[in-house]
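Please keep the structure in view while reading.

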Amino acid sequence: MKLLVTFSRGKGRKPVIAQVVKDTGVLINVERANIDSSEGEALIDVPDDQCRLVRDSMTSLGADVRILDHGVTFNESECVDCGACISVCPREVFSFDPDWKLRLDEEKCILCGKCIDACPHRALTLPL
Ligand code: SF4
Ligand code: SF4
């Protein structure tokens, strides 16, 4: 299960993710992170049965946490199977089936948003 975590890095700069790993014993896979001197946002992946434990632990440390149920959303009726999304996706979420129709492996998506801008038919959206 993927969680989108946002946190302030104000006074003290608590290492939120490291602290939660230590407190819960849950191994957290950081899919992507954007952190500057004042705040941070990270997309993390944790086992489904431990996501609420991780969320609650992070929330107690002052972070905002959203559980993301799915990756990029695909509107098949708008897709023209041009393949533009295939070339920009860093996680190989997209591929063509034997009939050259687009297919998705949504589990791999890290919600980076690159495919959204690349799609000429607005067939892709982020679940935000
Ligand atoms: S949001 Fe990023 S990772 Fe997800 S399908 Fe689009 S390009 Fe790939
Ligand atoms: S870029 Fe858009 S229209 Fe082209 S294959 Fe991907 S989803 Fe379909």
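A hairpin of three residues leads from strand S2 into strand S3. This is a predicted model, in which local features need pLDDT of at least 70, side-chain atom pairs count only at pLDDT 80 or more, and totals for chains, interfaces and linings use all residues. Residues are numbered from 1 along each chain as its sequence is written, while chains are lettered from A and ligands numbered from 1 in the order in which they are written.

Strands (E, at least two residues) and helices (H or I, at least four) are DSSP runs, numbered from the N terminus; two strands pair if DSSP finds at least two bridges between them. S2 covers residues 29–35 and is antiparallel to S3, with six bridges. In this pairing, valine 30 lies opposite isoleucine 44 of S3. S3 (residues 39–45) is also joined to strand S1 (residues 2–8), by seven bridges and again antiparallel. Here threonine 6 faces glutamate 41 of S3.

Helix H1 (residues 16–24) packs on helix H2 (residues 51–60) at about 125°, their axes 10 Å apart. Axes are lines fitted to C-alpha atoms, for helices over the stretch in contact, and angles run from 0 to 180 degrees between N-to-C directions. H1 is therefore oblique to H2, a class left over once angles under 35 degrees (roughly parallel), over 145 (roughly antiparallel) and 65 to 115 (roughly perpendicular) are set aside.

The domain assignment, automatic or from a database, gives domain 1 (2–68) and domain 2 (73–125). Their centres, taken over C-alpha atoms, are 28 Å apart.
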